[in-house]
Amino acid sequence: AAKLSPEKLLCQLRDRVNVTMIRGSDGPFNSSEWQHYLPEKSLNETVGRLGRCAVVSSAGSLKSSHLGTEIDSHDAVLRFNGAPVKGFQEDVGQKTTIRLVNSQLVTVEEQHFLKDALYNTGILIVWDPAPYHAEIHEWYRKPDYKFFETYKSYRIRHPEQPFYILNPKMQWQLWDILQENSLEHIQPNPPSSGMLGIVLMMTLCDEVDVYEFLPSKRQTDICHYYQKFHDRACTMGAYHPLLFEKNLVKHLNQGTDEDIYTHGKVTLPGFRNVHC
Ligand code: NCC
């Protein structure tokens, strides 16, 4: 399998990865049991048209990066899971426009998720690993984590905060493209929150700067910038096909290698600026 050119690859991503949120009109969410839980406005209506966006990975290499001001200069900032800003502004900034969380966090860390003020800023989006190319109904009956009840509890506590459920179709549409563009066989696990978030922002923004997804000279075995925990798998991947994701993002980078080395920064075009 020969790798596609960056231009062709961008077209594939634009045309084959359908980034949508579950709407109240989508079965099985159109039942009385779900009435009023899903946001009425679409994500597009909620965020509007975004110019320059930043995606901030949770990597340990953000530590001592002093990237905070640069990150906050973007029109919108995407963060992941429990990644904090308080106490870390200097390195990661303080703006949070969207927070993408996995369903494991929402269920296993339920009490934190429902009570920690960290989650009350910006737009929340939750995603859950679905079976390969499963129909929404099949996934709904057997989600990887049973996060639906906690989702509803959160919506009752914070009815004004936009909180979406990512349509699980996109994870496998994206995985297929990852597989087609790598020489090795990839284990059939969904992409990481990081990769899902990058493609999400490419659909919403004119331009996307991604920080420390491709590690800079500060690369470290420390998993997160906010914890003392060491694990190489955080950067290289274990469950998620992280290494393949990073190769793909490197291939698409429109910035310089110098920017990767010094800032851990990759620049990608938004899909509305991709012409096929
Ligand atoms: O660690 P996590 O990821 O929350 O990180 C978010 C995204 O940042 C990128 N990353 C992170 C660390 C690192 N050293 N290098 C990186 O490039 C990755 O793209 C990653 O996706 C996840 O993807 O949802 C993940 O979530 C955690 C965990 O569930 C949450 O933090 C909630 O506690 C997973 N860890 C475990 O299950 C132990 C992780 O595997 C994937």
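Start with the cysteines: counting the bonded ones along the chain, the disulfides of the protein chain follow the pattern 1-6, 2-3, 4-5. Here a disulfide is a pair of cysteine sulfur atoms within 2.5 Å, and a search of the whole structure finds three disulfides.

Before you select anything, two notes on the ground rules. This is a predicted model, in which local features need pLDDT of at least 70 and side-chain atom pairs count only at pLDDT 80 or more, while totals for chains, interfaces and linings use all residues. Residues are numbered from 1 along each chain as its sequence is written, and side-chain values use heavy atoms, with hydrogens and water left out.

**Stop 1: the disulfides**

Select C11 and C276, whose sulfur atoms are 2.1 Å apart in a disulfide. The torsion about their S-S bond is about -110°, so this disulfide is left-handed. The pair links distant parts of the chain, with C11 in helix 1 and C276 in the segment after strand 7, 265 residues apart. Helices (H or I, at least four residues) and strands (E, at least two) are DSSP runs, numbered from the N terminus. Is each end buried or exposed? C11 is buried at a relative accessible area of 15%, whereas C276 is exposed at 57%. Buried means under 20% relative accessible area, exposed over 50%, and partly exposed in between, with a 1.4 Å probe and protein chains only.

Next, pick C53 and C205, a disulfide with its sulfur atoms 2.0 Å apart. The link of C53 and C205 is left-handed, with -90° about the S-S bond. C53 lies in strand 1 and C205 in strand 6, so the pair ties together parts that are 152 residues apart in sequence. Both C53 and C205 are buried.

Then go to C223 and C234, also joined as a disulfide, with sulfur atoms 2.0 Å apart. With -95° about the S-S bond, the link of C223 and C234 is left-handed. C223 sits in the loop between strand 6 and helix 11, and C234 in helix 11, 11 residues apart. C223 is buried, with a relative accessible area of 6%; C234 is partly exposed, with 26%.

**Stop 2**

Seven strands form an open sheet in the order 5-4-3-2-1-6-7, and the pairing is mixed. Two strands pair if DSSP finds at least two bridges between them. The edge strands are strand 5 (163-165) and strand 7, each of which pairs on one side only. Neighbouring strands of this sheet are turned by 20° against each other on average, direction ignored; axes are lines fitted to C-alpha atoms, for helices over the stretch in contact, and angles run from 0 to 180 degrees between N-to-C directions.

Now select residues 50-56, which make up strand 1: six of its seven residues are buried. What joins strand 1 to strand 6 (residues 205-211)? The two pair in the parallel sense over six bridges, and V56 stands opposite Y211 in strand 6. Towards strand 2 (residues 76-80), three bridges join strands that run parallel. There C53 stands opposite A76, and A54 has V77 as its bridge partner.

**Stop 2: the aromatic rings**

Show the side chains of W34 and Y151. They form a tilted aromatic pair, 5.9 Å centre to centre with 35° between the planes. Rings of Phe, Tyr and Trp (its six-membered ring) pair if their centres lie within 6.5 Å; planes under 30 degrees apart count as stacked, over 60 as edge-to-face and the rest as tilted. W34 lies in the loop between helix 1 and helix 2 (43-47) and Y151 in helix 8, so the pair ties together parts that are 117 residues apart in sequence. W34 is buried, and so is Y151.

W139 and F148 form an edge-to-face pair, 5.5 Å centre to centre with 75° between the planes. W139 counts as buried at 0% relative accessibility, and F148 is buried at 9%.

A charge sits over a ring if NZ of Lys or CZ of Arg is within 6 Å of the ring centre and within 35 degrees of the ring normal. For another such case, select K246, whose charged end sits over the ring of F213, 5.1 Å from its centre.
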